[in-house]
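Visitor: I have just opened this entry and would like a guided look at it. Could you take me through it step by step?

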Amino acid sequence: MYKRQLLQSLDLGTTWGTIQEFGRPGATIGVTSSALGVVDPFLVDASSTLSVALFSGDLFDCTDLAMLAGANHFAYGDDGRWEIIAARTCTPLGGGLYRLSNFLRGRFGTEWAMGLHALGDVLVLLDSDDVEVVTLSSADIGVERLYRGVTVDEDIGSSPDRGFTYRGVNLKPLSPIALTGHRDPSTSDWSLSWVRRTRVDGEWRDSVDVPLGEASESYAVEVYASGSYAAVKRTLYTASPGATYTSADQVADFGSNQATLFLKIYQISAAVGWGYPLTASITR
């Protein structure tokens, strides 16, 4: 039996409609009293720990195989900077306190959020039995809506308004990886290439490229003045995972040909625009 409802208003609180119902016991959720830093997202982080005080629920250890298969995954952070992490070890300290360790970080393309954490960040166990997906349309992107959570025997008027703006983060292209390139010794033109990622059916299969997941393939390559990534000298656009930065453009931008490039490379979505960048330098 459903006990709780999430209500949404499309007219600034004049009328309300139920968009999701929830049953007991609810999500396992807590607040952190330490913060994780930036690590290599492609390795198990066995050195960091995260302290959390749960408001509800319990946490348990899992095996490596279970973690790799999706167990003990969490949303960690706050609005606009959620990182998806996994923790193999959840050590109970009593009174709803836990110490988490042995992490997988930056799961599902969220490595961009690794350096944005703070004390007091929220931790939510992503258990499909207790957490529901609320479906929104592309027309809702960038529009603030009002929400109220109402539990059993509670009047709708007793619940405060909570504004939330859907930003389409789940639709933004993931950052490309594996930047490489070379300079032509005769022309000094740079030839750059990289590997795209996808949000759709991205599991590894031999001899098969992962699906594009977009209506068309498109990238933007920003060339920066220095490693501070403060001033953009040129933006190149391409419809394939590669670009040419000609000698003539280098001389126009810098006054000479460049042995080192400081780049940000974005895949572009027709629905939400530029995705998350690959930020890297290359020297040849």
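This is a predicted model: local features need pLDDT of at least 70, side-chain atom pairs count only at pLDDT 80 or more; totals for chains, interfaces and linings use all residues.

Visitor: How do the lining residues divide into nonpolar, polar and charged?

Guide: The lining of the second largest pocket has 17 nonpolar residues, seven polar ones and ten charged ones.

Visitor: Let me go back to R197. Is R197 buried or exposed?

Guide: R197 counts as buried, because its relative accessibility is 18% and the cut-off for buried is under 20%.

Visitor: What does the side chain of R197 meet in a salt bridge?

Guide: The side chain of R197 meets that of E111, with a distance of 2.6 Å from N to O. R197 lies in the loop between strand 12 and strand 13 (219-224), while E111 lies in the loop between strand 7 and strand 8 (122-125), so the pair ties together parts that are 86 residues apart in sequence.

Visitor: Why can such side chains pair at all?

Guide: Side chains of opposite charge can pair when their charged atoms come close.

Visitor: How many salt bridges does the structure hold?

Guide: The structure holds ten salt bridges. One of them joins E83 and R105, whose closest N and O atoms are 2.8 Å apart. E83 belongs to strand 6 (residues 83-94) and R105 to strand 7, so this pair ties together parts that are 22 residues apart in sequence.

Visitor: Are E83 and R105 buried or exposed?

Guide: E83 is buried, and R105 is buried as well.

Visitor: What about R196, which side chain does it meet?

Guide: The side chain of R196 meets that of E217 in a salt bridge, at 3.8 Å from N to O. Both R196 and E217 lie in the loop between strand 12 and strand 13, so the pair ties together parts that are 21 residues apart in sequence. E217 counts as partly exposed because its relative accessibility is 25%. There is also a network, in which salt bridges that share partners join R234, D249 and D253.

Visitor: Changing topic, what makes up the nonpolar surface patch?

Guide: F42, L43, I177 and V195 make a nonpolar surface patch of about 390 Å². F42 sits in the loop between strand 3 (29-32) and strand 4 (45-56). F42 counts as exposed because its relative accessibility is 64%, where exposed means over 50%.

Visitor: Which loop holds L59, and is L59 buried or exposed?

Guide: L59 lies in the loop between strand 4 and helix 1. L59 is buried, with a relative accessible area of 5%. From C-alpha to C-alpha, L59 and T15 are 38 Å apart in space, and they are 44 residues apart in sequence.

Visitor: And where is T151 found?

Guide: T151 is in the loop between strand 9 (144-150) and strand 10 (162-165). T151 is partly exposed, its relative accessible area being 32%. T151 and G95 are 56 residues apart in sequence, with their C-alpha atoms 25 Å apart in space.

Visitor: Which residues have a positive phi without being glycine?

Guide: L12 is one of them, with a phi of about 60°. L12 is found in the loop between strand 1 (4-9) and strand 2 (17-22), and at 77% relative accessibility it counts as exposed. Y229 also has a positive phi, near 50°, and its place is in the loop between strand 13 and strand 14 (232-238).

Visitor: Lastly, how many helices and strands does the protein have?

Guide: The protein has two helices and 18 strands. Its C-alpha trace spans about 75 × 45 × 40 Å along the principal axes. Of its 284 residues, 35% count as buried.

Conventions
Residues are numbered from 1 along each chain as its sequence is written. Side-chain values use heavy atoms; hydrogens and water are left out. Patches are made of residues with over 30% relative accessible area and no salt bridge: like charges are joined within 9 Å, nonpolar side chains (Val, Leu, Ile, Met, Phe, Trp, Tyr) within 5 Å. Accessible areas come from the Shrake-Rupley method with a 1.4 Å probe; for residues, only the protein chains shown count as cover. A salt bridge is a side-chain nitrogen of Lys or Arg within 4 Å of a carboxyl oxygen of Asp or Glu. Helices (H or I, at least four residues) and strands (E, at least two) are DSSP runs, numbered from the N terminus. Buried means under 20% relative accessible area, exposed over 50%, partly exposed in between (1.4 Å probe, protein chains only). Ala, Val, Leu, Ile, Met, Phe, Trp, Tyr, Cys and Pro count as nonpolar, Asp, Glu, Lys and Arg as charged, and the others, Gly among them, as polar.
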